[in-house]
Amino acid sequence: MTRIVVSRRRLLGAGACALTGAVSLPGAASAHAEIVLDAAKDQLIRKWYAAWEQKDLGPVDALLADNFTFSSAAGDDHISKSVFKSRCWETQINFIERFELEQVIGNGNDAFVKYLCLTKNGKSFRNVEYLRITDKKVEAIECYFGAQSSFPSAVSGGQN
């Protein structure tokens with residue numbers, strides 16, 4: 001079996017939406033490397049998003065590696081676990097009702113998740129995130145929302 005290695009940057013350069021669309025087409029992925037995420041990593045990803053619904057930092061923190069980093073289009077460049085907690089968790093958790101995972105795809109330690117986030121006041125937005133998983137923990141997340149107006153707090157307040 002030939003293994004095709006493509007950098008995340010190059011893959012993302014094609015656009016996360018194009019990747020999601022291509023993977024969802026029957027037979028499209030088979031023309032290249034098969035995109036399969038093992039069951040344990042898929043379950044870990046689903047636990048990650050479900051943990052946000054509990055509004056308890058403990059289960060979220062337990063899923064993050066000690067060296068966890070978070071990056072986003074909003075100026076977060078590999079911020080640490082502690083900065084993520086104060087900048088992302090504490091400012092957004094009270095706006096989130098739940099996540100509906102629409103696509104979870106990946107290979108090895110890499111996964112892309114497309115989700116619909118529903119806010120407590122009935123509004124919603126979609127997002128794509130890249131997760132790197134090592135040693136049964138989330139080691140890194142790269143969030144690909146378009147602008148600050150797609151934060152849960154902004155969507156809830158009607159700033160979109």
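**Reading a predicted model, feature by feature**

Biologist: Which residues does D76 touch, not counting residues up to four places away in sequence?

Modeller: With that exclusion, D76 touches F70, S71 and R87. Contact means heavy atoms within 4.5 Å. The model is predicted: local features need pLDDT of at least 70, side-chain atom pairs count only at pLDDT 80 or more, and totals for chains, interfaces and linings use all residues. Residues are numbered from 1 along each chain as its sequence is written, and side-chain values use heavy atoms, with hydrogens and water left out.

Biologist: Where is the place of D76?

Modeller: D76 sits in the loop between β1 and β2. Helices (H or I, at least four residues) and strands (E, at least two) are DSSP runs, numbered from the N terminus.

Biologist: Does D76 count as buried or exposed?

Modeller: Buried means under 20% relative accessible area, exposed over 50%, and partly exposed in between, with a 1.4 Å probe and protein chains only. D76 has 7% relative accessibility, so D76 counts as buried.

Biologist: With which side chains does the side chain of D76 make a polar contact?

Modeller: A polar contact is a pair of N or O atoms within 3.5 Å; within protein, one must be able to donate a hydrogen and the other to accept it, and residues adjacent in sequence count only if both atoms are side-chain atoms. The side chain of D76 has such a contact with the side chain of S72, at 2.6 Å. Another polar contact of 2.6 Å joins the side chains of D76 and R87. Elsewhere, E142 in strand β6 is buried at 13% relative accessible area, and its side chain makes a polar contact of 2.4 Å with the side chain of Y144.

Biologist: What is the order of the strands in the open sheet?

Modeller: Strands of a sheet pair through backbone hydrogen bonds, either parallel or antiparallel. Two strands pair if DSSP finds at least two bridges between them. Here an open sheet of six strands has the order β2-β1-β6-β5-β4-β3, with mixed pairing. β2 and β3 (96–107) stand at the edges with a single partner strand each, so one side of each has no neighbour in the sheet.

Biologist: How do β3 and β4 pair?

Modeller: β3 and β4 (residues 110–119) pair in the antiparallel sense over ten bridges. I96 stands opposite T119 in β4, and V104 stands opposite V113 in β4. The two strands form a hairpin with two residues between them, and G108 in the turn has a positive phi of about 65°.

Biologist: Which strands does helix α3 lie across?

Modeller: Helix α3 (residues 39–53) lies across β1, β3, β4, β5 and β6, and runs at about 165° to β3. Axes are lines fitted to C-alpha atoms, for helices over the stretch in contact, and angles run from 0 to 180 degrees between N-to-C directions.

Biologist: How many residues has the largest nonpolar core?

Modeller: In soluble globular proteins, nonpolar side chains tend to be buried together. A nonpolar core is a set of buried Ala, Val, Leu, Ile, Met, Phe, Trp, Tyr and Cys residues joined through side-chain atoms within 4.5 Å. The largest one here has 31 residues, and those with the most contacts inside it are I45, W48, Y49, W52, F70, F84 and L131. Its largest share, six residues, comes from α3. Leaving aside neighbours within four places in sequence, I45 is in contact with L37, V104, A111, V113, L131 and I133.

Biologist: How many aromatic pairs does a search of the whole structure find?

Modeller: Rings of Phe, Tyr and Trp (its six-membered ring) pair if their centres lie within 6.5 Å; planes under 30 degrees apart count as stacked, over 60 as edge-to-face and the rest as tilted. The search finds eleven pairs. The ring centres of W52 and F84 are 6.2 Å apart with planes at 85°, so this pair is edge-to-face. It links W52 in helix α3 with F84 in helix α5, 32 residues apart. The rings of W52 and F99 have centres 6.4 Å apart and planes at 80°, so they too are edge-to-face. F99 is in strand β3, 47 residues from W52. W52 and F99 are both buried, and F84 is buried as well.
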